[in-house]
Amino acid sequence: MAFMSTFLPCQFNASVLQWRECARSKRVQIFWILSCLFVAAAWNGSLLQAEDFHENFDGKIHSCKVYFDHQGIRLKTHERNESLAFSGQAAERFQFEASQHDVSVVIECDIPPARVIDDLSISISVSSNRPGAQLLARVVFPGQKEPNSDKPLTRFLNGNVLKKTNAWRELRWDTSAANIARHLALWRASIKPQVLDHREMYIDKIYLKQTLGPGMTEILIDELRVSPIVVPKFTERIEDDSESTWWKVPKVEFQLDQLLTDGKPIFPVVIPYLHEPIALFDQLGVNVVWVDNYQNTNLIQQLNRQGIWTTAWPPSAKSESGEILDAASASLLPFGKETQGILFWNLGMQNKPEMHQQMQHWINQVKTSDRELNRPILADVTGSEAIFSRDVEMLGISKHIIQTSYSFREYADHLQRRMRIAQPGTFVMTWLQTEPSRTTTEFREASNYSPAVVEPEQIRLQTYTALCAGCKGIGYWNWTPLNAEGPGLEERRLVLEELTQELELLEPFLAGGEVIHRFDVSLTKANKSSTSNSGRYSLDQDSFSVKQKENQKNKAIEPDDDSSLQAMAAVVRSEHGQVILLCATEENAQFVPGQMAGNDVRIKVRGLPESAFLWEITTTGLWPLETKRVTGYTEIRLPRFNMTAALMVATDQSIAEKMERKIRQMQARNAELALLLAKEKFARVLKVDRQLTELGVGLPEATHILAQARRAIDQGNIAFEKQQHNPARRNAKLASRLLRILQRSHWERAVASLSSPTSTPHTICFQTLPDFWKLVQQLGGEFEEISLLRSGQFEDRDAMKVEGWKRDVSASKDILVYDALDPNNPFQGEYCLRAASIPAQGKQGITLNEPAITYASPLFSPKLGDLLHISGSVRIPRPIQGSLEGFRIYDTHFGHAACLHWTKASDWQSFELIRPIWKQEDIQIIMELNGLGDVAIDDLKVKIIRFKNPDVLRQASGEQSENPASATKSRPNALEFLNRLLK
């Protein structure tokens, strides 16, 4: 109690006699005891506020930040793991892959500010497969500054080092007086001639530092405890050096159509942020994330720490009515430091030409406010590319074709045509579709149908089609989170990671190069009697998986003798050499891709250097290729081709060596990705195949194909366990190829009775085929037909007006539009409706951003559960040019994504649309002529099919029939009716 004699009033020592007399009174004793306690509390009041801090890492949100050099280290996993916890429900888990020795990572954990006192205890549980993890604590000295700086003075207190591996160990800090004194001596020397004032020093962060070596390092942390927390009198606001290091300030510039950051060309791979874990984006390997709010500095900062740039919507100054104001009359505040992690600004998708003036105001506002960093602006547009490309540095040209009537060949031509319209040297990127349209998803969910799936191969084909077209960046568009669960969504994650790995290998060529030559490759199946191997592609050539002794069985899954393999190719030239990109094209691959693979493929390329070496770039190896000089060409032989390929042409062997080093770092993961992708696809295809078999529409060869695919996956697993990465990947790709053959066979059988796969919403992909066959059963039941359109024979214009037809003609002065009821060559009756658009006199190279002419039918009001049946005939006297859409017909219930469209010249051909009514609304039929061309329409009929048997309706919505046998028995009549109805 010595401190009491020091701090009690001086009268306390005046007279011992007086104290003894007072002490005789119990009331006085209590008074003095309380006084002493009050004085003690006043002296060390913060001790009364002391509490413990405990982080058990049990929640789902990450508690720690991580810093590392992204050039030599890759963060593979950052998650809350529930199966490896030291105690409680979870632990925070990190997995790093390093390509070199002696590179470090630092894991940071925030704690409440705690004064450094003798009783302070800090501990954390750590497990790692490597020794050497060391704990550190940051000590802050409030009120003092670093020498020659205005930053608050901070130093680090070293803790214990992890010595044992693969087991949980508790690491502690020694905060004894002796240890603190040793650190203080060093800290005082580091700031001389300043005097160190350590009386109020406190700890605010702890760190775990680990030195890595080549390979994978796993670190788990759990049970962080700090006790007691004595709150300091005041704290400093510190901007961490570690944070500023990872807060990227982009130095962006353009050289023609090359986007450079810090002088290095970059190929942006962009994905929207939909509140997924940050580690998922790093795992996928994307280098730009589209964040939802440019002011979300915490999110931008977290992404930057993972080495990921961001893009965001910029703000805009608007009027009270919501219109964007001219930059001359309204401006934004200059963008501050909170936006420094943004690589470029993004004005959104599908901006229409009529929005140009508003967009121009917005662009001017952004450029005025971003003068310091002068970052580029991206605008994705639906037309007027020549105008928009004057205003923005990055132009988006996108068209979602998956599960539509637009083929990959049409998509490639569409991209190239629109790129030619833009200003020369424009940086062009495109957004690719990774999931079904919103309308398709909402319809199937509301009607309890099987969800549609975008096949992983379709994402791959879109990617390579865009690369062959010359796109300088790619965005993978999604509107459901990447960590969502459902059929095909895990395959989407896997194929995106696979593709970003390939794009990383190709980035030096793609980012800094240009397409100098495009050509087509046509391969036909070799004649069995021929001795030549050129152009052969049959499954029994894959000796690593399908044995020659099984040739007889394999006949069922070989392509037909007259089948052919088509591919587009592009030669990209850069300072690193050339790369030849190959992408298979197949009719209707936008619905269900076929095998699109071949063996012993030979292609001829002109203009290659005679001294050049050629390799095939894969994520599990760099493989030299055989070449042969022929007149005017170099002939290249590919032993195997599977959907896409990238061939490197270089005269410098060091380029190949550098590429091989990159591949070695990723080959294990990519072999694993291919196997995981094959397994996921196998499980999904097997499930649908069983459903189709139960419906009585199974394929006799399905069992054999599935067995072959299963065997290929098993062999891939064996190879992977032996670290034979390339055979593992090849077997996985073979399994996926076999599964595509089965999917395509099922689909072709279903659409054989349809004029187009978009005639029904159940034949747009493999996953929805069970619902198609349930629709066939539904049509085998009793129903009534109700005709809704009287003027669809197009015999009387007045009748069309009375019934409610509407006509809209483009106001463009570049074209002339003619339409009439034409008596020449009608399909039936005396007239047909005919429309044509031609260039106005003296106009050339016309590009229309709107339909030349549009017809809208009267409104129809079907009921929920009805089928709307639309049929008719169309003739295209001459090809329609200048537009991908051509002539198209669609209903407003499913939208133009489910349209029928024509561009090639043809005689009369019938069409039909069957539309289940899934929400109550009025519906119109829309007919549009886009571009320059000529079209005739006749015999248009619109009917309602209304069912009388509610049990059949339940079957169509996914419920099981009480009598499956009766449903199967009605199928022949249903198919007969379907053929009569649709043909």
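This is a predicted model: local features need pLDDT of at least 70, side-chain atom pairs count only at pLDDT 80 or more; totals for chains, interfaces and linings use all residues.

Colleague: Now the tryptophans, please. Why is the pair of Trp-290 and Trp-431 called tilted?

Modeller: The whole structure holds 26 aromatic pairs. In this one the centres of Trp-290 and Trp-431 are 5.4 Å apart, with 40 degrees between the planes. Ring centres must lie within 6.5 Å to pair, and planes under 30 degrees apart are stacked while those over 60 are edge-to-face, so 40 degrees leaves "tilted" for Trp-290 and Trp-431. The pair joins distant parts of the chain, 141 residues apart: Trp-290 is in strand E16 (residues 288–290) and Trp-431 in strand E21 (residues 427–433).

Colleague: How do you know whether Trp-290 and Trp-431 are buried or exposed?

Modeller: Buried means under 20% relative accessible area. Trp-290 has 7%, so Trp-290 is buried. Trp-431 has 1%, so Trp-431 is buried too. Trp-290 and Trp-431 also belong to one aromatic cluster with Trp-313, Trp-362 and Trp-477.

Colleague: What makes you say that Arg-710 lies over the face of Phe-682?

Modeller: Arg-710 is 5.3 Å from the ring centre of Phe-682. The distance limit is 6 Å, and the charge must also be within 35 degrees of the ring normal. Arg-710 counts as lying over the face of Phe-682. Arg-915 lies over the face of Phe-894, also at 5.3 Å from the ring centre.

Colleague: One more! Which word describes how helix H13 runs relative to helix H14, and why?

Modeller: The axes of H13 (residues 456–469) and H14 (residues 489–512) come within 9 Å and cross at roughly 20 degrees. Angles under 35 degrees count as roughly parallel, so that is the word for H13 and H14. The crossing of H13 and H14 is right-handed. Among the residues that meet there are Ile-459, Tyr-464 and Leu-467 in H13, and Val-495, Leu-499 and Leu-503 in H14.

Notes: Residues are numbered from 1 along each chain as its sequence is written. Side-chain values use heavy atoms; hydrogens and water are left out. Rings of Phe, Tyr and Trp (its six-membered ring) pair if their centres lie within 6.5 Å; planes under 30 degrees apart count as stacked, over 60 as edge-to-face and the rest as tilted. Helices (H or I, at least four residues) and strands (E, at least two) are DSSP runs, numbered from the N terminus. Buried means under 20% relative accessible area, exposed over 50%, partly exposed in between (1.4 Å probe, protein chains only). Axes are lines fitted to C-alpha atoms, for helices over the stretch in contact, and angles run from 0 to 180 degrees between N-to-C directions. Angles under 35 degrees count as roughly parallel, over 145 as roughly antiparallel, 65 to 115 as roughly perpendicular and the rest as oblique. A crossing is left-handed if the near helix is turned anticlockwise from the far one by less than a right angle, and right-handed if clockwise. Contact means heavy atoms within 4.5 Å.
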